[in-house]
Amino acid sequence: MGEMNVAIIGAGIGGLTAAIALHQRGVDVAVYEKARELRELGAGVVIGANGARVYERLGLLDSLGAIAGKLSDATMQTWQGVPLPGYRWVYPLGRTFPMHRAEFQNLLVSALPPGTVRLGHEFTGAAQDAGGVRIDFADGSHARTDALVGADGIHSAVQPLVGPKSAPVSEGIMAYRGLIPADRLAGIYDVGALSMWVGPRQSFLVFPVSDGALLNVVAFVPTNLDVEESWSAPGQVSDLAAAYDGWDTPVRGIIGAMDHTFRWGIYDRAPMPTWSTDRITLLGDAAHAVTPHLGQGANQSVEDAITLAVLLRDARAADIPARLRRYEGLRIERNRQVREGAREAGKLYRSTGLSPARQAERIMATYDSLELNTYDPEHIADTALATL
Ligand SMILES: Cc1cc2nc3c(=O)[nH]c(=O)nc-3n(C[C@H](O)[C@H](O)[C@H](O)COP(=O)(O)OP(=O)(O)OC[C@H]3O[C@@H](n4cnc5c(N)ncnc54)[C@H](O)[C@@H]3O)c2cc1C
């Protein structure tokens, strides 16, 4: 115990969750983050049943519950407001935690010992040698570690160290995002509900965050622009309103209550055949970005995080290469399936020509194929570790 140390690049949801899970298993862990302070522009993220199982075992589920929006309902309807017959939300409502991303990230930081997250450290390169890995930062400083984990997002600087550079792939759509104070929506929309409206070529999603004080809006529209995957590319509310002209009354009312919006390009990446070397591996979006249509980007990084932490439990430095290979082996196929499922779900939401009942049936079949309510990455990793 405590014999090995792990350095994680990136204090996103994936990197922080891995740090918590490793720390709880006695591993000496440090997280290096390029930002000087952890401050995200407002946006929501949903932790579903598969991520919730992991946080429950990490002892954090009550804390998540305190900041999450409490869902009264989860519905899907056509763009004209007709409920999809037989539709059932992917998770039980009580296992759905819609959160403000910055609040969630701060909660994860506070679950770590002070000093674990080292801000203002931009990773620029690393070199493996017999004794471990030397890490280089933009300010000229260095660190040493037994194992390096790149959890540095879709534009990962660590990824090219483990294989050919894997570029983000656009889905030909972008999303407008925004947050609206709940008190502005009286008479327009019941803020307790998660709702999605689906229509030809576009879809509109809302859910409560910040314990119900804010409604998070994500509106997907086609684009041929190469919108940067930024939280902060500003968009025009008037363009958003024009894109949803003629849609169901609450959709237009919600857009009418928005002051500003941000545009966000929707990307994923082709699966990589491998993402580890002897002492360097990847996690989260750095390893396998997915489109957001199943809300699985963060949840997959959480599955990765617990898998990696279990496999590094009680490892000696000499064990690391085999442990990292096993981790990658457990995650690659799972991530590939979730990426396919997310793409399929997005197509179904924006499809034309399916009856609403058939649309619901196919969306739910996509949910079910991924076993999001029963998949237990910790158990799978425990079993794998026992047979190493
Ligand atoms: C707008 C939006 C909405 C989303 N909604 C959902 C949702 O509802 N449900 C869901 O499951 N997923 C959602 N996702 C996806 C989800 O946020 C990500 O998949 C998830 O957070 C995993 O990200 P990550 O931790 O791998 O990387 P990121 O969150 O991208 O974090 C990477 C971190 O690495 C840091 N970094 C980058 N480069 C360097 C460097 N060179 N040196 C040091 N640090 C570096 C970055 O500053 C950042 O803090 C959403 C994503 C976006 C953008």
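The legends below describe several close-up views of one predicted model.

In this predicted model, local features need a pLDDT of at least 70, side-chain atom pairs count only at pLDDT 80 or more, and totals for chains, interfaces and linings use all residues. Residues are numbered from 1 along each chain as its sequence is written, and side-chain values use heavy atoms, with hydrogens and water left out.

**View 1. The parallel sheet of five strands.**
An open sheet is built from five strands in the order β6-β2-β1-β10-β17, and the pairing is parallel; strands (E, at least two residues) and helices (H or I, at least four residues) are DSSP runs numbered from the N terminus, and two strands pair if DSSP finds at least two bridges between them. The edge strands are β6 (117–118) and β17, each of which pairs on one side only. Strand β2 (residues 28–32) is joined to β6 by two bridges and the two run parallel, with Arg118 in β6 as the bridge partner of Tyr32.

**View 2. Strand β10 and its two partners.**
Strand β1 (residues 5–9) pairs with β10 in the parallel sense over four bridges, and Ala7 stands opposite Leu148 in β10. Strand β17 (residues 280–282) runs parallel to β10 and is joined to it by three bridges, with Val149 opposite Thr281 in β17. In a regular strand the side chains alternate between the two faces of the sheet. In strand β10 (residues 147–150), Ala147 and Val149 point one way while Leu148 and Gly150 point the other way, and all are buried, where buried means under 20% relative accessible area, exposed means over 50%, and partly exposed lies in between (1.4 Å probe, protein chains only).

**View 3. The mixed sheet of seven strands.**
Here seven strands form an open sheet in the order β4-β12-β13-β14-β11-β16-β15, and the pairing is mixed. Because β4 (73–78) and β15 (233–235) stand at the edges with a single partner strand each, one side of each is left without a neighbour in the sheet. On average, neighbouring strands of this sheet are turned by 25 degrees against each other, direction ignored. Strand β12 (residues 193–199) runs parallel to β4 and is joined to it by six bridges; within this pairing, Trp197 in β12 is the bridge partner of Gln77.

**View 4. Helices α9 and α11 in contact.**
Two packed helices are described by the angle between their axes and the distance between the axes. For helix α9 (residues 320–349) and helix α11 (residues 377–386), the angle is about 140 degrees and the axes are 11 Å apart; axes are lines fitted to C-alpha atoms, for helices over the stretch in contact, and angles run from 0 to 180 degrees between N-to-C directions. The helices α9 and α11 are therefore oblique to each other, a word for whatever remains once angles under 35 degrees count as roughly parallel, over 145 as roughly antiparallel and 65 to 115 as roughly perpendicular. Arg323, Arg326 and Leu330 in α9 meet Ile380, Ala381, Ala384 and Leu385 in α11, contact meaning heavy atoms within 4.5 Å. The residues of this contact divide into five nonpolar, no polar and two charged, where Ala, Val, Leu, Ile, Met, Phe, Trp, Tyr, Cys and Pro count as nonpolar, Asp, Glu, Lys and Arg as charged, and the others, Gly among them, as polar.

Among the buried residues of α2 are Asn50, Arg53 and Tyr55, while just after α2, Gly59 takes a positive phi of about 80 degrees. Glu303 lies in helix α8 (residues 297–311) and is buried, with a relative accessible area of 0%. Leaving aside its neighbours within four places in sequence, Glu303 is in contact with Asn50, Arg331, Arg334, Tyr375 and Pro377.

**View 5. Loop residues with a positive phi.**
Most residues other than glycine have a negative phi, and most peptide bonds are trans. Arg201, found in the loop between β12 and β13 (202–209), has a positive phi near 65 degrees, and this residue is exposed, with a relative accessible area of 54%. Asp314, found in the loop between α8 and α9, also has a positive phi, near 55 degrees.
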